[in-house]
Amino acid sequence: MQSSFSTCNSTLALGMLRRMHHIALNVQDLQASRQFYGTLLGLQELTGDAIPSTLRSLVEAGKVANFVMPDGTVLDLFWEPDLTPPDPDPSRGFTRANHLAFDIEPQLFNQAVAVLHQNQVAIAEGPVTRPTGRGIYFYDPDGFLVEIRCDPDTNPDTSA
């Protein structure tokens, strides 16, 4: 499928799109993914009136779980019990999405790495140190690549 956006006669003005509103992932095991994103990664699950009204019936039916990040971005998990990965090896890129990245304060990075190891989360790469900061890449229960990253630590004496 070839895109024809380069021939558009009009465009959205720079700055019209304000922020990422939500990210939606299909997951095979909703409970495992809730545990992973909610408990292990510490994202706040939306409950009660905080659930978007457009998703309330799906949440009540056990087909969707919603989490909110501190910046307000919502992560929606859609239960797809028949979902199977195109490739059983998660290290082979099998979607157009590369990974989901969470930002953390530099002084908390080592603690996050320790939590991943303590919970025997499958690590894909890292921790790595780059001029842009540090990162660790790992897999969620469905084999989707996730990253926890931080900016360079300007005060390394406070690293945990």
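In this protein, residues 24 or more positions apart make up 56% of the contacts with a separation of 6 or more, where contact means heavy atoms within 4.5 Å. The model is a predicted one, so local features need pLDDT of at least 70 and side-chain atom pairs count only at pLDDT 80 or more, while totals for chains, interfaces and linings use all residues. Residues are numbered from 1 along each chain as its sequence is written, and side-chain values use heavy atoms, with hydrogens and water left out.

Now for the overall layout. The protein has three helices and eight strands; helices (H or I, at least four residues) and strands (E, at least two) are DSSP runs, numbered from the N terminus. Starting at that end, the order of the elements is β-α-β-α-β-β-β-α-β-β-β. Of the 160 residues, 31% count as buried, and buried means under 20% relative accessible area, with exposed being over 50% and partly exposed in between (1.4 Å probe, protein chains only). The accessible surface comes to about 10900 Å², and 52% of that belongs to carbon and sulfur atoms. These areas come from the Shrake-Rupley method with a 1.4 Å probe, and for residues only the protein chains shown count as cover.

Next comes a sheet. Strands of a sheet pair through backbone hydrogen bonds, either parallel or antiparallel. Here, four strands form an open sheet in the order 1-4-3-2, and the pairing is mixed. Strand 1 and strand 2 are the edge strands, each pairing on one side only. Two strands are taken to pair if DSSP finds at least two bridges between them. Strand 1 (residues 22–27) and strand 4 (residues 74–79) run parallel, with six bridges, and Ile23 has Leu75 of strand 4 as its bridge partner. Strand 3 (residues 64–68) is joined to strand 4 by five bridges in the antiparallel sense. Across that pairing, Val68 stands opposite Val74, and Phe67 stands opposite Leu75. Strands 3 and 4 also form a hairpin with five residues between them, and Gly72 in the turn has a positive phi of about 95 degrees. On to strand 2 (residues 44–45), which runs antiparallel to strand 3 and is joined to it by two bridges; Gln44 sits opposite Val68 there.

Five of its five residues are buried, so strand 3 is largely enclosed by the rest of the structure. In a regular strand the side chains alternate between the two faces of the sheet. In strand 3, Val64, Asn66 and Val68 point one way and Ala65 and Phe67 the other way, and all are buried.

What about single residues? Val27 lies in strand 1 and is buried, with a relative accessible area of 1%. Leaving aside neighbours within four places in sequence, Val27 is in contact with Ser33, Leu77, Phe78, Trp79, Glu80, Leu83 and Asp142. Val27 and Asp140 are 113 residues apart in sequence, yet 9.5 Å apart in space, C-alpha to C-alpha. Ser33 is found in helix 1 (residues 30–40) and counts as buried at 0% relative accessibility. With neighbours within four places again set aside, the contacts of Ser33 are Val27, Gly38, Leu77, Pro141 and Asp142.

The largest pocket has a volume of about 510 Å³. On a 1 Å grid over the protein atoms alone, a pocket is an open set of points with protein on both sides within 12 Å along at least five of seven lines, and lining residues have an atom within 4 Å of a point. Of the 21 residues that line the largest pocket, Leu41, Leu43, Phe102, Asp103 and Ile104 are the closest to its centre. Strand 5 (100–103) and helix 3 (109–118) are the elements that give two or more residues to this lining. By type, the lining divides into 16 nonpolar, three polar and two charged residues.

Notes:
1 Å grid on protein atoms, 1.4 Å probe; cavity = no way out; pocket = protein on both sides within 12 Å on 5 of 7 lines; lining within 4 Å. Points joined across faces, edges and corners; volume = space filled by probe spheres on them. Nonpolar A, V, L, I, M, F, W, Y, C, P; charged D, E, K, R; others polar.
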